[in-house]
Amino acid sequence: MWKTWQAIWKRRRFESDMAEELAFHLEARTADLQRKGHPPAEAKRLARLELGSPENYKEECRQARGLRWLDELRGDLLYAFRGLSRNRAFTAVTLITLTLGIGANAAIFALVNAVLLKTLPVDKPEQLQSVYWVLPYGRPTFQNNASGSSNRDGNLRVADMFSYVHFKKLRDELPHEVELFAYSGIDRLTVTVNGQAQLARGLGVSWNYCRGLGLRPPLGRSFLPEDENVDASTPPVLLSYDFWRTAFAARQSIIGETLLVGPIKTIVVGVLPPGFHGTQPGEGIDVLLPLTAWGMEQRRDITSPRTWWVKMMARVQPPYPVPLLRSELETRFIAQLRSEPVPTPYDLPTIRLIDGSRGLAWLRDAFEEPLKLLMLVAGLILLMGAVNVAGLLLARAESRAAETASRLALGADRLRLIRQHLTESLLLGVLGLLGGLCLAALLQSALPSLLAREGEIPLIDIAPDARFFGAALVATLGIAFLFGFYPAWKSSRLELTTALKRSPGPRAGRLPLGRTLTGIQVGLSLLLLIGAGTLVRTVLNLQSLNLGFKPERLLIFSADATLSGYRDEQALTYYARALETLAATPGVESVAFSRHGLLHASSSSGEFYYRDANSRLQHIEDAYIQGISPNYFHTVGVPLLAGRDFTRLDDRKAKRVALVNQKMALLVRPDGASPIGLTLYQNDKGEEPVEIIGLVGDAKYDSLRDAAPATVYAPFGQRGIRQATFSLRTAADPLSIAPAIRRVMASVDPRVPIYGLRTEEEQIGIAMERERVLARLVTGFAALALLLAAIGIYGVLTYSVARRIPEIGVRLALGAAPERLRLMILRESFPPVAAGLAAGLIAAWWFTKLLEQFVFGVKPLDIWSVAGALILLIAGAAIAAWIPARRASLVTPMTALRYE
Amino acid sequence: MPQRSDSDAELLPGTLDLLVLKAVSLGPQHGYGVLLRIEQITGNALKIEQGALYPALYKLETRGDLAAEWGISDNNRRAKFYTLTPAGRKRLREQAGGWNRLVAAMEAALKATAEEL
């Protein structure tokens, strides 16, 4: 290999050396011959004669040096370029097809890469391990107060939260090869910049978080052990690079300044490196506080071993084995749990370590399946494109048969011919790749919004990396080989005698492979069209669901007064004042708030018991609770069926009351009798009674797909509230009063920022974002597939018509009617289309099965989707076939004769 | 294929490489010198196609059996001189051994008579 490269670099030297060497030979030989008595001119001639043709030997020398392939490659490339520029229509169609196919794949792969494959932008991410505990599902746990995520894995529960106390002890006990660090969940908080409160995303971290991740702040310092002291009066704060740039205009002097984070006065000590967005890809962070300060800000009992709220990660330096770390953690953790006094016995957990190189991410969990599906669909599109290109190449190879035959007859090497064709395919592939990459780059900025959740676009690093380019190149070369090889191989295996006869017989125009390919394309587009139909129907189903409330003219926004330092009673007063002010705003018909917004993917579940007919205490499974203000049901449009609504008098001093929905009423009164007057208890000892004072209709709560859950509505005045989502029924277009609402809320208290200001209808759109995005993409892909299939049909028939013009001429001369000719050509498209439809229908059954988890209220092979897809496809095929058929009927005997 | 006269022995395929290696093993030579030396050591019995010599030389050089260097010839001209590399020496030994075995076997085969069988 090295020799070959050397040979290429020293090409020029090599040629001149070779010439000189042969010249020397001739000279020496001539001299010798002269010495033997030949006259000078004769000697020279003889010497030349003996040596033979120098070019011949030079060529053999070059080949000996491994240079021939280079010459041939150059020749092949030139030939391919010439061929492509001569055949513009072919080149354009091929390149557009490849650009669309490769572009779609590159765009989707960029997402797959960013969400599923990329590692954290930290030092040696492969050394990171995330720590989880595992218990059999449904077993009692040992926490009092937990905040974190827990997932079900088979019959196991896998959770990521620990107590700060446990973490601290474990960190101290582990050997020095292991850096155990901890961080909290990301939460909203307010940061006061230039006297203006703004919402930011905050994270609490142990002091060694930066050291564990290998982050070196480009400005200032990271945290120190003493920063984790509980009694620090002004805790330090780290800013993310992006937040430093946007909120502080990248001001270097920020270090050492005080910053109000929530109610806490902090000192800015450093800025995190650019590109780092925490260990949960997709969720950005703005400020980092020490875990202790963060815990206190969130009013967590950080000294209690039963308050579980920190996540742990470990960096394991290589010779130290990861399994050893796991067993070490487990023994020490269990020893700690055993030493603590607990009220009720519980099972002891085991520890599980999960590769932490890519961080932990809801993004990955939520989008792994849809992304894989999209990748598959994009792959199918590319395959279809390749099939089209193969068809075109094949058609062209046949039309070039005479040329190929002459070349073969003149002694061209078959292998060389194949290589020449493949070079052309590769050239097409590489050009398509360039186009595809440009297309993907255009799509790049729009891509992350596909993964939007709750209207927030995740922060993902979609920039291409080596893996992206590698995959694009490999896929392109693979596909180029795929579509190039068969036509190349086929054209090199011509039967010389038949090919050299100029006029092809009628059989020659049939191109059986082309039809098979058409069938495959028809099948693929049918499958995608049916999939698209199913997804579109899902979106329609979700849109027409009975919500139980009226989303029209409903404006919503959220606020959290506790983030700005309001405590309990103060917060209640704030919210009550906000309600009054909003109600007096022109354009607002009615206003109320609730603890959780409607369809905001957040909810609270409540523990409720009731006394049955035998006065035995019964537990209610799966009851949801919603804290609300008076006038809530009237505002959001949930009907009050019996009893009364809350009033402002239902506060902490009054008797505890609640309203229930019909589902809940059926749980406590299975006989269907009115639940009003019944008492609910909030623990299993029959304490904390709550009287049911009203019955309301069932309404969706947190999720669009789930049926309305059994819900208990409690007055906010009796439950207390942190965050609230306001709902305003407006007289006209809700968005028209949005600016006024911002002003009103700022007048109530400028330190409390509002967020998520939008209409409830927009919120519903957000709740079905994934389905809508998927439907849009698959529909786009299906349209592309349909277009490709139509081009395929058109191409095959056009080619066939061109080949059959002499035959058509003869038929015309013999008196065939144009309609008959049209039908003859049209009929050619029937078998492949019919076969493709049958195969596509079978494949679509499998495909819609795959889609099942994204589908709502649509069965696999849904009849409407199938019918719609069939109609579209048949119409598309008919149009594509009609054009060449018409052309055939317009042939006159004269043009046909001229063709001969 | 070039024409050959009947009186010259036909060069068996693969033997040119062996002859070149042998010729160069007797001392560094330029291309024309290699030709002359082969003619000399074969007693002019083998007809060497002059042009075929160069592809053979280039092949052996690329393979690493020969090393080439530009030097000055006897008549004060710049010429490319070939020397045998250790790899070339090894190949020469191996090929010579193979050749000798082939010759011995052929000889034995051609001497065989009906009685000996």
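Modeller: Among contacts in chain A (heavy atoms within 4.5 Å) between residues at least 6 apart in sequence, 80% join residues at least 24 apart. This is a predicted model, in which local features need pLDDT of at least 70 and side-chain atom pairs count only at pLDDT 80 or more, while totals for chains, interfaces and linings use all residues. Residues are numbered from 1 along each chain as its sequence is written, chains are lettered from A and ligands numbered from 1 in the order in which they are written, and side-chain values use heavy atoms, leaving out hydrogens and water.

Colleague: What share of chain A counts as buried?

Modeller: Of its 900 residues, 52% count as buried, meaning under 20% relative accessible area with a 1.4 Å probe, protein chains only.

Colleague: And how many helices and strands does chain A have?

Modeller: Chain A has 27 helices and 26 strands, taken as DSSP runs (helices H or I, at least four residues; strands E, at least two).

Colleague: At what angle do α14(A) and α15(A) pack?

Modeller: Helix α14 (residues 414–444) and helix α15 (residues 466–491) of chain A pack at about 145°, with axes 8 Å apart; angles run from 0 to 180 degrees between N-to-C directions, and axes are lines fitted to C-alpha atoms, for helices over the stretch in contact.

Colleague: Which residue classes make up that contact?

Modeller: The contact of α14(A) with α15(A) has 17 nonpolar, six polar and no charged residues. Ala, Val, Leu, Ile, Met, Phe, Trp, Tyr, Cys and Pro count as nonpolar, Asp, Glu, Lys and Arg as charged, and the others, Gly among them, as polar.

Colleague: Turning to chain B, in what order do the strands of the open sheet run?

Modeller: The order is β1-β3-β2 (chain B), with antiparallel pairing; two strands pair if DSSP finds at least two bridges between them.

How values were computed: Buried < 20%, exposed > 50% of the residue type's maximum accessible area, 1.4 Å probe, protein only.
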